[in-house]
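Here is a short report for a first look at this structure. Keep the sequence and the 3D view open while reading.

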Amino acid sequence: MAIRKIDELNIKDKRVFVRVDFNVPIEQGRVTEPHRIDSALPTIRLVLSSAKKVIIASHLGRPGGKKSAEWSLAPVRDYVEQALATPVTLAPDCIGAEVEALVREPHPKIILLENLRFHKEEEKNDLDFSRALASLADVYVNDAFGAAHRAHASTAGMASFFHEKAAGLLLFKELEYLGRILSSPERPFITILGGAKVSDKIGILQTLLSKVDALLIGGGMAYTFLKARGAGVGKSLVEEERLTLALEIAAQAEARGIPFLLPVDHVVADTAKKNPSTVEGDIPPDFLGLDIGPKTADQFSTEIRKARMALWNGPLGMFEVNEFSRGTISIAKTLAESRAISIVAGGDTVAAITKAGVEEKITHLSTGGGATLEFLEGRKLPGIQALET
Ligand code: ADP
Ligand code: MG
């Protein structure tokens, strides 16, 4: 796999197309969660420092192949302009005569193309649309890791029109850390998995099972494992059709002789999610487990402190509700204080890290949701393959 990094390209006086993932939450015309934009700014600054023209492109939401004011990137333009302290021009579209004219002129230097998904051809990876996008620039840079699992025109199709193409700094960093998990993790390497459902995590469980030195399972998915072992789980979330799979996974972990930790105590509540209390062992019939208990947090922490590399995906409880966030937050803090190279993946898990206030102490917060999971499942991502030269 030969993928170049942006700093290996000669972009001096070139027109550089930068595909980013600026698909951010917007409320009343303002960006409310700019993490994804901020993550791509180093790449944009780097391009800006020597290129002739920076052409930034992103999708936003699901406008369904039609132009609409609701899904305009105008609020993103405002945010980027302020962040870079340089004027940013929003093009009226992402292809067409007006855009071509804007690209030809020496000014403005930074152009943000309008929402790629205003054209249905984007998601269809249409050849003519790819060609039209490619015609705007001399060099192609992809920094949109969050969209790399999609074979769309701007993430895959257009790359074939460029000889000069590379991964942006953010995308490269993702490949570096996530790639290392798959190829040569520091050992002991542990994985902490949580979240609502086993079925969301089967792929990653199966790929990582043969690589980890310990597997720690909490969150809603733990109850399927506990029930499969015959434990009382009350009204907790259980996927009946995954019970056999849960047993197989537990058996594989045992066969490998690695620690395989499930919760030993729980923060439970009644079915209205009220009256929280802590129980050890079996959960009474009318209660549901909504967080790991303190003993479990201690056991997990002991493994985390031994680790040299740790991957965490999936909150260990319903952390959005304060009463059920303690387990997740304590594990976030332990991970932050540990010596391990820490990699956190998943939108909700990254939100939990932010809630715990330890984001500065985590080695790598992955910006891809589906893309990160697919990568860790060992699948080839179209957006990455398209960069191979
Ligand atoms: P990520 O986005 O990080 O990949 P997931 O989407 O897989 O994480 O899981 C996050 C969701 O799992 C959260 O909404 C959280 O409330 C839920 N969750 C975690 N533990 C439990 C639990 N014990 N019962 C019900 N839901 C849970
Ligand atoms: Mg999620």
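## The nonpolar cores

In this predicted model, the largest nonpolar core holds 75 residues. L113, L133 and F225 have the most contacts inside this core. Helix α9, residues 243–256, is the top contributor, with 6 residues. Domain 1 (6–172) and domain 2 (185–376) both supply residues, so the core lies between them.

There is also a second, separate core. This one has 29 residues, among them V18, V47, V88 and L112.

Which residues does L133 touch, leaving aside its neighbours within four places in sequence? The list is F17, C94, I95, L113, L116, E122, A153, S154 and M158.

## Two domains

The chain is divided in two: domain 1 covers 6–172 and domain 2 covers 185–376. Their C-alpha centres lie 36 Å apart. Domain 1 puts 7 residues into the contact, and domain 2 puts in 8 residues.

## Helix packing around α11

Start with helix α10 (residues 294–306) and helix α11 (residues 326–337). Their axes come within 10 Å and cross at roughly 20°. An angle under 35 degrees counts as roughly parallel, and α10 and α11 are therefore roughly parallel to each other. Their crossing is right-handed. On the α10 side, the residues that meet α11 are A297, F300, S301, I304 and R305. On the α11 side, they are S330, I331, T334 and L335.

Now turn to helix α12 (residues 347–356). Its axis and that of α11 are 9 Å apart, and the two helices pack at an angle of about 80°. That makes α11 roughly perpendicular to α12. Here α11 uses T328, I329, A332 and K333. From α12 come A352, I353, K355 and A356.

## A buried threonine

T191 sits in strand β9, residues 189–193. Is T191 buried or exposed? With a relative accessible area of 0%, T191 is buried.

T191 and L215 are 24 residues apart in sequence, but their C-alpha atoms are 5.2 Å apart in space. L215 is also one of the contacts of T191, once neighbours within four places in sequence are left aside.

Most residues other than glycine have a negative phi, and most peptide bonds are trans. Several places in this model are exceptions. A cis peptide bond joins H107 and P108, with omega about -5°. P108 lies in the loop between α3 (97–104) and β6 (110–112). Another cis peptide bond joins R187 and P188, with omega about 0°. P188 is in the loop between α6 (169–183) and β9.

D13 has a phi near 60°. D13 is in the segment before β1 (15–19), and counts as partly exposed at 49% relative accessibility. A85 has a positive phi of about 55°. A85 is placed in the loop between α2 (74–84) and β5 (89–90). A85 is exposed, with a relative accessible area of 71%.

Note on methods:
Residues are numbered from 1 along each chain as its sequence is written. Chains are lettered from A and ligands numbered from 1 in the order in which they are written. This is a predicted model: local features need pLDDT of at least 70, side-chain atom pairs count only at pLDDT 80 or more; totals for chains, interfaces and linings use all residues. Side-chain values use heavy atoms; hydrogens and water are left out. A nonpolar core is a set of buried Ala, Val, Leu, Ile, Met, Phe, Trp, Tyr and Cys residues joined through side-chain atoms within 4.5 Å. Buried means under 20% relative accessible area, exposed over 50%, partly exposed in between (1.4 Å probe, protein chains only). Helices (H or I, at least four residues) and strands (E, at least two) are DSSP runs, numbered from the N terminus. Domain bounds come from an automatic or database domain assignment. Contact means heavy atoms within 4.5 Å. Axes are lines fitted to C-alpha atoms, for helices over the stretch in contact, and angles run from 0 to 180 degrees between N-to-C directions. Angles under 35 degrees count as roughly parallel, over 145 as roughly antiparallel, 65 to 115 as roughly perpendicular and the rest as oblique. A crossing is left-handed if the near helix is turned anticlockwise from the far one by less than a right angle, and right-handed if clockwise.
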